[in-house]
Amino acid sequence: MRIFLLGSLVLVTIFLDTVQAGGADGRVIEGLPSNRPLNIAHRGSSGMRPEHTVAAYQLAVDQGADIIECDLAVTKDKQLICTHDAWLNKTTDVHTKPEFQDRVKRYRIDGRFIEDYFTVDFTMEELKTLRTVQSRSYRDQSYNYQFPMASFDDYIAVVKNASAFGRTIGIYPETKNPSFFNGILEAENTTMEDILLASLEKYGYVNANSPCFIQSFDENSLRYMANKTELPLIILNPLLLTDQKMTELAVFCYGIGPSKSEILPVNPTSNKLLQSTDFITRAHAKGFKIHPYTFRNEDQFLAFDYGSDPYEEYQTFVNLGVDGLFTDFPHSFSKFLDCQYPQVVGNAAKLSVHLGTTVVITLLAMFLQG
Amino acid sequence: RGLPQDRPLNIAHRGSSGMRPEHTVAAYQLAVDQGADIIECDLAVTKDLKLVCSHDPYLNATTNVHSHPEFNSRVQTYTFGAITMTDYFIFDFTLAELKTLRKVQNRKYRDQSYNGLFPIATFDEYVAVAKFAPRTIGIYPETKQPALFNHFISRHNVTMEDLLLEALESHGYTSRDSPCFIQSFDESSLQYMAKRTDLPLVHLTDTVPSNEKLTEIASYCYGMGVSKNLIVQVSPSSNQIVSNTNFIQMLHSKNLKVHAYTFRNEERFLAYDYGDDPYREYERFTNLGLDGLFTDFPWSLANY
């Protein structure tokens, strides 16, 4: 009997030793609610603060988000900075800095030529001298020029701060334009993915159920990381999603982040909803979690059927079975979830259950020792 | 009587006007279906002394009248108050003629797919929506531009107010607790009706009245319908909330109910502090003690 148990233990250890993304296995993620949709703050609380700033991330946490999302870019000194684009003019005051005038360059990204100031031509220290602006003219402009860009470390710090208060906040980093950045990093014998995984490991995000989702539009980026980490991977808006392709992706992707219109398309001329698709049914059948993007409160983003009411849009998608959603307005989604799921145990309650279990185990151990 | 006593009232402003052309039976009915407590209407008077529901005395913005060549000759220029307008005016049309027109959604950023489908609603049709509802639905008619309409119908020796009160009586709205609020910006219109009906009157205003004026208003009015900005001040330049005022307390201290206008979901109508979330706006105002809200989106307020 003992030999059998020992043998099994060895086999299990060998199995666990192979670091590999587990795919669409529906595993429970540590510290996050598992019986209601997840509130993913898209670029932080970006509806109310300049996106990808500590202020936006912190506000999202304060407003009740479960997860704060960030897009990554790489700096000249191979550090990770949170920004949606590799270019800086739209979201910062870089063009007002005479010392950086000579940094304007032309690069090819995703088949387009773009002339701008790029993160890869600035060190982190230089980027930190810039100030962010609200790039959407219809949003609050009163925080312009107040906040610096956030580094990946700054972003993690917001999460670590929250955990000091007993709240688990998930992270959701994206490898954005990885082929562009990797083209530049090749000379340094590293990749964007390696830099990210090293950073995640440093912060303790290593397990299959760590509250850290790595997302990308780039399947190759995810495949590369699937061989080096157990962390849950999310494929964004995959195209030509045949049954076979879904099966293939399910091997290494925990979930899919589709655009909203993959699930519920809208007629662009009438701005009215069309028939919902079978996307969620098919994806759930393969074991994927589904986190669609992006939910915004402004009426220009809402089909008329919702009566210009973001809560009606949330209701519709929650009824369709989404497992979480990316929103620029985590405050609103948090309020919606409070009403829809009043009986769901929140993080604070989970913490006390955690503590309680610890006490019991300690007492048991003491008893057994005695 | 019959309306909720323990929470603010959901007053569907021009019906569910965020989602259907305003002042149509479709808009009124949708409001009822969506959970409104009250449907609101603005009144106008036709050439043959019929009451119809319309925010304005002119027709071009909210109907397809310009595509009716038979009415080309009806275009006229009138001055009322500070406004001079050239348009088609309701008092130059009989009800039968008006009924050949169809309504459009005059706000470009709202759903245009119901344009040309619905006719103008008469006051009787509006009341019928309330009467045939499965629960008590209040009505909230407004004597709008009474001086203008009374000028044109004076030769018949009748006033807009007389026509309204007569219609209300025929529909059974006669006591001080009937679910019917009569509203107006025009004080003389209200005072005229105060002498002739027990129905609750609501004085509309977009400025803060003096203490003496408030005492006077309180002597014959049930409440006031006030602009939102008098309760929560928003800076027009920064679109941020400046402060709350004590306007609601002032009115409550005179025993006046307070209904505020107008709550709209579109972000252009929301201060940034609300995070483009109409529910946060409702929350702020209901926390301040507001007794009723005029909203273009009764569905959202009902949800809230």
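A pocket here is an open set of points on a 1 Å grid over the protein atoms alone, with protein on both sides within 12 Å along at least five of seven lines. The largest pocket has a volume of about 620 Å³, a volume being the space filled by probe spheres set on the points, with grid points joined across faces, edges and corners. This is a predicted model: local features need pLDDT of at least 70, side-chain atom pairs count only at pLDDT 80 or more, and totals for chains, interfaces and linings use all residues. Residues are numbered from 1 along each chain as its sequence is written, chains are lettered from A and ligands numbered from 1 in the order in which they are written, and side-chain values use heavy atoms, with hydrogens and water left out.

**Largest pocket**
- The lining holds 28 residues; lining residues have an atom within 4 Å of a point.
- Gln5(B), Phe181(B), Pro200(B), Tyr222(B) and Lys257(B) lie nearest the pocket centre.
- By class, the lining has 15 nonpolar, five polar and eight charged residues. Nonpolar covers Ala, Val, Leu, Ile, Met, Phe, Trp, Tyr, Cys and Pro; charged covers Asp, Glu, Lys and Arg; the others, Gly among them, are polar.

**Interface of chains A and B**
- On chain B, 24 residues are in contact with 25 residues of chain A (heavy atoms within 4.5 Å).
- The buried area is about 1900 Å², and carbon and sulfur atoms give 45% of that. Buried area is the accessible area (1.4 Å probe) that two parts lose on being put together, summed over both.
- In chain B, Glu267(B), Tyr272(B) and Asp276(B) lose the most area to chain A, together 29% of what that side buries.
- Two salt bridges cross the interface (a side-chain nitrogen of Lys or Arg within 4 Å of a carboxyl oxygen of Asp or Glu).
- Lys335(A) and Glu283(B) form a salt bridge, with their closest N and O atoms 3.9 Å apart.
- Helices H9 (278-287) and H10 (298-303) of chain B each supply at least two residues of the side that touches chain A. Helices are DSSP runs (H or I, at least four residues), as are strands (E, at least two), numbered from the N terminus.
- H9(B) gives the largest share of that side, four residues.
- The chain B side divides into eight nonpolar, seven polar and nine charged residues.

**Backbone**
- Most residues other than glycine have a negative phi, and most peptide bonds are trans.
- The peptide bond from Tyr261(B) to Thr262(B) is cis, with omega near -25°. Thr262(B) sits in strand E12 (residues 257-263) of chain B.
- Asp110(A) has a positive phi, near 55°. Asp110(A) lies in the loop between strands E4 (105-109) and E5 (112-116) of chain A.

How values were computed. On a 1 Å grid over the protein atoms alone, a cavity is a set of points where a 1.4 Å probe fits but cannot get out, and a pocket is an open set with protein on both sides within 12 Å along at least five of seven lines; lining residues have an atom within 4 Å of a point.
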